[in-house]
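Q: I have a structure open and would like to talk through it. Can we go piece by piece?

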Amino acid sequence: TPFSRPPQGIPGLYVGRETLARLRGIAASAATATVVLEADIFPGTPTDTLIATLPGASAAEAIIVNTHTDGPNATEENGALGILALAKYFSKIPRSERKRTLVFPLTTGHFAGPWVPSIRGVIEKHPDLIKKAVAAITVEHLGCREWMDDASMHYKATGRNEWSVAITPDKSMGTALVEALGGSLDRAGVVNPVNGGWLGEGGSLSRAGIPTIGYIPQPNYLLAGPADGCIEKLSPELLHSQIQVFAKVIHRIDAMTAAQLKGA
């Protein structure tokens, strides 16, 4: 996968059902086929990570709210929309009523881990931020509606919202999220990543010792690249509800002490 290792010298290609049937027919006839990947390459091109800071009543402690900004479609890379909404919301609350500073890293390189460090780069370049961070919330893949194959193998919407997975090994963080999910439109499971089972941008923050929630719905079209970018599969109402959940979680953890946030 592109997230952690460079190409391993084994060609691979994801295909759809129709192409699969054609390839199986070719293979059955013992024919050969050549796959050509066309790409424009621009060596040395810079790509930016953005970090925004909203000062709180105290600069001694911070809450990180992060995402990545690159991806093949409107689902994979839409976490920044949620974070911009959260930053706008909290900026309207008087600073005296916001206990901690909020830091919003929007990282690049999520799909190029071997070359661009993404959130790991933020951790390495900003040890002062990591030292004062008492909690982190990673926001990814918002507003996803569920699409599945039906009994006739037609891929279509089920009419339900996609299942969301929220990863955290921290009991206090998980409890805060469960409480915030009450009454929302989200179908979510809050899970403990036993045996290192982290997915997404939150894992590095957790390993750095920060109580972290990695919110990462995983629809089966997550890496698809159709012309419309899968935007037809997204629900503005669900996205809005999820942003409200994150705002509630931030309010809850801002009211807790650092010791409470590190609760087992």
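This is a predicted model: local features need pLDDT of at least 70, side-chain atom pairs count only at pLDDT 80 or more; totals for chains, interfaces and linings use all residues.

Q: Which residues of helix 5 are buried?

A: The buried ones are Ser 172, Met 173, Gly 174, Ala 176, Leu 177, Ala 180 and Leu 181.

Q: And what covers them?

A: The cover of the buried residues of helix 5 includes strand 4, strand 7 (163–167), strand 8 (187–191) and strand 9 (212–215). It also includes helix 7 and helix 8 (258–261).

Q: Stay with helix 7. At what angle do helix 5 and helix 7 pack, and how far apart are their axes?

A: Helix 5 (residues 171–181) and helix 7 pack at about 135°. Their axes are 9 Å apart. Helix 5 and helix 7 are therefore oblique to each other.

Q: Is the crossing of helix 5 and helix 7 left-handed or right-handed?

A: Helix 5 and helix 7 make a right-handed crossing.

Q: Which residues make that contact?

A: From helix 5 come Met 173, Ala 176, Leu 177, Glu 179, Ala 180 and Leu 181. Helix 7 supplies Val 245, Lys 248, Val 249, Arg 252 and Ile 253.

Q: How many are nonpolar, polar or charged?

A: The contact of helix 5 with helix 7 has eight nonpolar residues, no polar ones and three charged ones.

Q: Now helix 2. At what angle do helix 2 and helix 7 pack, and how far apart are the axes?

A: Helix 2 (residues 79–91) and helix 7 (residues 236–254) pack at about 50°. Their axes are 10 Å apart. Helix 2 and helix 7 are therefore oblique to each other. Helix 2 passes helix 7 in a right-handed crossing.

Q: Who touches whom there?

A: Helix 2 uses Gly 82, Ala 85, Leu 86, Tyr 89 and Phe 90. Helix 7 uses Ile 243, Phe 246, Ala 247, Ile 250 and His 251.

Q: How many charged residues are in the contact of helix 2 with helix 7?

A: No charged residues. By class, that contact has eight nonpolar and two polar residues.

Q: Why is Cys 144 not paired with Cys 230?

A: Because a disulfide needs the two sulfur atoms within 2.5 Å, and the sulfur of Cys 230 is 9.1 Å from that of Cys 144.

Q: Cys 144 and Cys 230: buried or exposed?

A: Cys 144 counts as buried, at 1% relative accessibility. Cys 230 is buried too, with a relative accessible area of 1%.

Q: On to the backbone. What is the phi of Ser 118, and where is Ser 118?

A: Phi of Ser 118 is near 55°, a positive value in a residue other than glycine. Most residues other than glycine have a negative phi. Ser 118 is in the loop between strand 3 (100–107) and helix 3 (119–125).

Q: Is Ser 118 buried or exposed?

A: Buried, because the relative accessibility of Ser 118 is 8% and buried means under 20%.

Q: What about His 141: which phi, and which loop?

A: Phi of His 141 is near 60°, again a positive value in a residue other than glycine. His 141 is in the loop between strand 4 (133–139) and strand 5 (145–149). At 2% relative accessibility, His 141 counts as buried.

Q: Let's move to other loops. Where is Ala 39, and is Ala 39 buried or exposed?

A: Ala 39 lies in the loop between helix 1 (17–28) and strand 1 (50–54). Ala 39 counts as exposed, at 57% relative accessibility.

Q: How far is Ala 39 from Lys 132?

A: They are 42 Å apart in space, C-alpha to C-alpha, and 93 residues apart in sequence.

Q: And Ala 33: which loop, and buried or exposed?

A: Ala 33 lies in the loop between helix 1 and strand 1. Ala 33 is exposed, with a relative accessible area of 53%.

Q: Last one: where is Asn 192, and what does Asn 192 contact?

A: Asn 192 lies in the loop between strand 8 and helix 6 (202–207). Leaving aside neighbours within four places in sequence, Asn 192 is in contact with Thr 168 and Pro 169. Asn 192 is partly exposed, with a relative accessible area of 46%.

Terms used:
Residues are numbered from 1 along each chain as its sequence is written. Side-chain values use heavy atoms; hydrogens and water are left out. Axes are lines fitted to C-alpha atoms, for helices over the stretch in contact, and angles run from 0 to 180 degrees between N-to-C directions. Helices (H or I, at least four residues) and strands (E, at least two) are DSSP runs, numbered from the N terminus. Angles under 35 degrees count as roughly parallel, over 145 as roughly antiparallel, 65 to 115 as roughly perpendicular and the rest as oblique. A crossing is left-handed if the near helix is turned anticlockwise from the far one by less than a right angle, and right-handed if clockwise. Contact means heavy atoms within 4.5 Å. Ala, Val, Leu, Ile, Met, Phe, Trp, Tyr, Cys and Pro count as nonpolar, Asp, Glu, Lys and Arg as charged, and the others, Gly among them, as polar. Buried means under 20% relative accessible area, exposed over 50%, partly exposed in between (1.4 Å probe, protein chains only).
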